[in-house]
Amino acid sequence: MGGTVFDPFETLPDGRAKIASHYYPLTGPYDTRDIEVLRYQVALMKIAGIDGVIFDWYGIEDALDYKEIHQSVMTIIPILKQAGLKFVFCYEDQSIGKMIEAKAITKTQAVETGKKAFAWLQKNVFQDESYVKFENRPVVLCFGPQYFKEKSQWEVLFSETHPRPYLVSLDNHSEQFADGSYNWPLMWASTAGKLSLSRLVSNLNDFYTKQSTKPHLVATIFPGFHDIYQEAGAGRSYGFLDYADGETFKLTMDAALKANPDIIQIATWNDYGEGTIIEPTIERGYRELEYIQDVKKTYAEEFPFSRLDLRIPIELYKAYTKAGSEKEKNYIISIYDRLFAAKIDEVRRLMKEAALPLDFAIRPVLRTTESKSVTKQAESLFDTAGKKNIALGMPVVASSHIYDFVASKANDGDVASYWEGGASTYPNIFTVDLVNSRLLDVMLIKLNPKRIWSKRVQRIEVLYSEDGNQFFKVIEPTDYSFDPAGNGNFIVIKLNVKARYLRLIFTGNTQAKAGQIAELEVYAAQ
């Protein structure tokens, strides 16, 4: 998020990566498919007394970033099971609307797409002994519903799931047919950008009173709300709920406990964009996990872990990433194995034998050297000094675009903005009218040079025309590598043709579902 403002490959003077968040995880920024990060996180949950994970899940379609999110979910499940933790899926049905908007599916395919997602859940997770159930029915949360708002639609979605899932919707969403509801930070009730404590308390009282007659209750607790959407250029802020030095978390926990819920949902483990995280950060340390431990011990006197034990996972994570041999790595994994089995005395002994530090300090992983976000290596590819980019601001048209990444952003003089074709709508055709015919020398196709725009290969065919009707090939479909660390994320294509129109046809992109241009530059022969 905020790729034009925040670049995680850029290192700040204090050693932190420049990420889109007001808070910084002790591990630094991470990939949620990284096994070592997942072991670290599950170990923290186990030690804190957390019983399981609710996955924010967008389905199984290969659209937008939903496939990668799904892969992350499937990567962590075996680790959760090893640690004896449970899991639940929270379906983001808004993904359907997003896919329609991105032209990945049509409106007529919406219900069938949702049905396919639940058929997958039925086959792959609902029968798992670690999946949470009420009355032998798999629990499904929905962050909404925001797209499927009719009971008849959910009947179709659940038509291949037996027994029928126990549907828990977001408060004030389709409660007339959902089995239950859960609450969430009510940022919509903010006044002058802030959610007051009195308004929060009133909402908690109203929610738990309303739910008191329901057979099962999912209560939600949270530490505050401090999003970064506005600073990242990703939209307006939803508002601010004061962390209050940890007191907001205690307040929502106490309110939940008094309601005697079946599940307490913690919002959230790691939503850094909204600042609701309880995962250890530089700013807050382990405060929420320590408080969860305290609560856990009041209900489970045999709970074996201490506050100092919460410092074990970060040391195991650092030791594993620095390990120079398989023997060292296997030793660390053996410690995790004992931790997941709650053999904490053995864990403490092995930590001591390995001389791994263990105290109450907050020990983040920070960078020691500057990582450059923009390479200089590509400057020699084509020197634009003194030359006029004749494509700048000229009329352009594209066969499709996704969201607001329209064609005109490809020649507006700003490499931070870009055109992107509609998802999975190949071929993506992009045409520029240079207004006057002239002998053309070269064309530059640029992407944002920041390293957050990872290396990718795009397949591009180039054509030219004098009249805009009959086009001739200049370049056959060719794979071009765009690499921030190698060529500054731009390529140079030799033209040597007389033309008024240039057309690019994209038929592949290894990092997106369509063609992308941050800036198209064309230079005439001198």
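Biologist: Before we start, what do buried and exposed mean here?
Modeller: Buried means under 20% relative accessible area, exposed means over 50%, and partly exposed lies in between. Keep in mind that this is a predicted model.

Biologist: OK. Is Gln 526 buried or exposed?
Modeller: Gln 526 counts as exposed, because its relative accessibility is 83% and the cut-off for exposed is over 50%.

Biologist: Where is Gln 526 in the chain?
Modeller: Gln 526 sits in the segment after strand S18, which covers 519-524.

Biologist: How far apart are Gln 526 and Tyr 23?
Modeller: In sequence, 503 residues separate Gln 526 and Tyr 23. In space, their C-alpha atoms are 52 Å apart.

Biologist: New topic. How many disulfides are there?
Modeller: The count is zero.

Biologist: Let's move to charges. How many salt bridges are there?
Modeller: The count comes to 34 salt bridges. One of them joins the side chains of Asp 14 and Arg 16, at 3.1 Å from N to O.

Biologist: What does Arg 164 pair with?
Modeller: Arg 164 forms a salt bridge with Glu 155, where the closest N and O atoms are 3.8 Å apart. Arg 164 also forms a salt bridge with Asp 179, with 3.5 Å between the closest N and O atoms.

Biologist: Where in the chain are Arg 164 and Asp 179?
Modeller: Arg 164 is in the loop between helix H5 (151-157) and strand S5 (166-170). Asp 179 is in the loop between S5 and strand S6 (180-182). They are 15 residues apart, and the pair links distant parts of the chain.

Biologist: Which residues are in that network of salt bridges?
Modeller: Arg 137, Glu 155, Arg 164 and Asp 179 are linked in it.

Biologist: What about Glu 288, does it sit in a helix or a strand?
Modeller: Glu 288 is in helix H8, residues 287-299. Glu 288 is buried yet has no salt bridge.

Biologist: Which side chain of opposite charge is nearest to Glu 288?
Modeller: Arg 284, at 5.1 Å. A salt bridge needs a nitrogen and an oxygen within 4 Å.

Biologist: So what does the Glu 288 side chain make a polar contact with?
Modeller: With the side chain of Tyr 243, at 2.7 Å. Leaving aside residues up to four places away in sequence, Glu 288 touches Pro 223, Tyr 243, Gly 246, Phe 249 and Ile 278.

Biologist: Last one. How many aromatic pairs are there?
Modeller: A search of the whole structure finds 31 aromatic pairs. One of them is Phe 87 with Phe 89, which is edge-to-face, at 6.3 Å centre to centre and 65° between the planes. Both Phe 87 and Phe 89 are buried.

Conventions:
Residues are numbered from 1 along each chain as its sequence is written. This is a predicted model: local features need pLDDT of at least 70, side-chain atom pairs count only at pLDDT 80 or more; totals for chains, interfaces and linings use all residues. Side-chain values use heavy atoms; hydrogens and water are left out. Helices (H or I, at least four residues) and strands (E, at least two) are DSSP runs, numbered from the N terminus. Buried means under 20% relative accessible area, exposed over 50%, partly exposed in between (1.4 Å probe, protein chains only). A disulfide is a pair of cysteine sulfur atoms within 2.5 Å. Lys and Arg count as positive and Asp and Glu as negative; His and the chain ends are not counted. A polar contact is a pair of N or O atoms within 3.5 Å; within protein, one must be able to donate a hydrogen and the other to accept it, and residues adjacent in sequence count only if both atoms are side-chain atoms. Contact means heavy atoms within 4.5 Å. Rings of Phe, Tyr and Trp (its six-membered ring) pair if their centres lie within 6.5 Å; planes under 30 degrees apart count as stacked, over 60 as edge-to-face and the rest as tilted.
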